[in-house]
Amino acid sequence: MEIKYRITEQGAVIEKCLGTEERVKIPETVEGCPVHALDAYAFSEARAGASGIGGERLHEISLPGSLKKIGNYAFYGCRNLEKMTLCHTIEDIGGGAFTGCYRLRELDISMQNGVGYCFKEIIGELRRELRVTLRFEGGKQARLLFPEYYEEAVENTPARILETHFHGSGYPYRQCFQGGVFQFQEYDGLFFEAAAWEGEDFCIELSLSRLEYPWKLSEDAKGIYMAWLMEHRMSAANWCIEFERDEDLEFMSTFTEWSGGELLELIQKANQRGRTGIQSFLMDYKFRNRKQKQETFEL
């Protein structure tokens with residue numbers, strides 16, 4: 001990959017990247033200067049051209065911790081961009097930076113020394129379903145899901161005004177900020193709204209993500225997520241089997257007591273799907289559970 005750039009007083013500004021790569025990692029420095037900014041239209045199809053990386057070619061990008069600014073329309077028209085790794089130290093995100101990034105569904109954000117509104121601004125631009133990993137000091141992390149939503153302009157004829165109506169629970173989920181700081185308690189408090197609006201699969205993944213990575217998860221919220229999963233345990237288990245989420249099913253089994261009939265049904269489903277790892281776990285769980293009950297009965 002060849003990087004086109006210019007040097008300013010603040011550092012290097014990336015103008016565009018040339019090459020055939022679909023997954024790009026921007027370096028921290030060029031010519032010994034910290035990479036300070038992405039230029040306007042840096043990865044747009046118009047700027048990239050036939051030999052550039054951008055537009056439909058770009059699938060994944062990792063931005064350096066030195067980056068402070070993303071220029072206007074920097075990723076305009078990157079229709080196949082799926083994942084972005086970045087730091088919360090970015091201070092300025094230009095207008096329309098993510099216009100046309102319809103497949104951008106995954107963000108991995110380092111929150112160490114993070115200040116400002118980077119996280120809030122980015123998820124505010126992306127209205128489709130979004131998975132976000134927030135990484136904190138000491139290896140701690142939170143995994144969050146944000147639902148999709150869309151806006152609709154509805155004419156209020158008597159008042160002669162246009163009203164904006166929001167559909168889906170995604171909009172309130174993206175408002176869980178105070179002074180640029182994400183409010184986990186407010187996020188968790190919206191779960192019943194998600195359960196009313198979103199599909200069962202979405203709520204299963206959201207609940208498991210919060211429970212397995214419980215950064216700032218209150219005991220009340222923990223209880224709500226666990227109770228919902230236990231109520232929907234067969235749907236959740238089938239979801240784990242379908243998407244090969246072995247670790248999620250093992251985690252669920254730490255607080256869910258499966259009946260013999262449920263285990264038999266899940267073992268058969270895992271066998272049909274060829275999920276040998278989950279099948280082995282379930283069979284072992286059934287054996288251990290039966291043995292424990294026999295020992296308890298003998299005592």
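**View 1. Glu15, partly exposed at 24% relative accessibility, in a salt bridge with Arg6.** In this predicted model, the side chains of Arg6 and Glu15 meet with an N to O distance of 3.2 Å, and Arg6 likewise counts as partly exposed, at 35% relative accessibility. Asp39 joins Arg6 and Glu15 in a network of salt bridges. A search of the whole structure finds 18 salt bridges.

**View 2. The salt bridge between Arg233 and Glu262.** The closest N and O atoms of Arg233 and Glu262 are 3.0 Å apart, and the pair links distant parts of the chain, with Arg233 in helix α8 (residues 233–242) and Glu262 in helix α10 (residues 260–273), 29 residues apart. Arg233 is partly exposed, at 28% relative accessibility, whereas Glu262, with a relative accessible area of 12%, is buried.

**View 3. Helix α6 (residues 200–212), a mostly covered helix.** Of the 13 residues of α6, 10 are buried, among them Phe202, Ile204, Glu205 and Arg210. The end C-alpha atoms of α6 lie 18 Å apart, which agrees with the 18 Å that its 13 residues should span at 1.5 Å a residue.

**View 4. A patch of negative charge on the surface.** Glu91, Asp92, Glu121 and Glu125 gather in this patch; Glu91, found in the loop between β8 (83–87) and β9 (92–93), counts as exposed because its relative accessibility is 59%.

**View 5. A nonpolar surface patch of about 280 Å².** The patch is made by Tyr41, Tyr73 and Tyr76. Tyr76, found in the loop between β7 (69–70) and β8, is partly exposed, with a relative accessible area of 40%.

Conventions
Residues are numbered from 1 along each chain as its sequence is written. This is a predicted model: local features need pLDDT of at least 70, side-chain atom pairs count only at pLDDT 80 or more; totals for chains, interfaces and linings use all residues. Side-chain values use heavy atoms; hydrogens and water are left out. Patches are made of residues with over 30% relative accessible area and no salt bridge: like charges are joined within 9 Å, nonpolar side chains (Val, Leu, Ile, Met, Phe, Trp, Tyr) within 5 Å. Accessible areas come from the Shrake-Rupley method with a 1.4 Å probe; for residues, only the protein chains shown count as cover. A salt bridge is a side-chain nitrogen of Lys or Arg within 4 Å of a carboxyl oxygen of Asp or Glu. Lys and Arg count as positive and Asp and Glu as negative; His and the chain ends are not counted. The place of a charge is taken as NZ of Lys, CZ of Arg, CG of Asp or CD of Glu. Helices (H or I, at least four residues) and strands (E, at least two) are DSSP runs, numbered from the N terminus. Buried means under 20% relative accessible area, exposed over 50%, partly exposed in between (1.4 Å probe, protein chains only). The expected span of a helix is 1.5 Å times one less than its number of residues.
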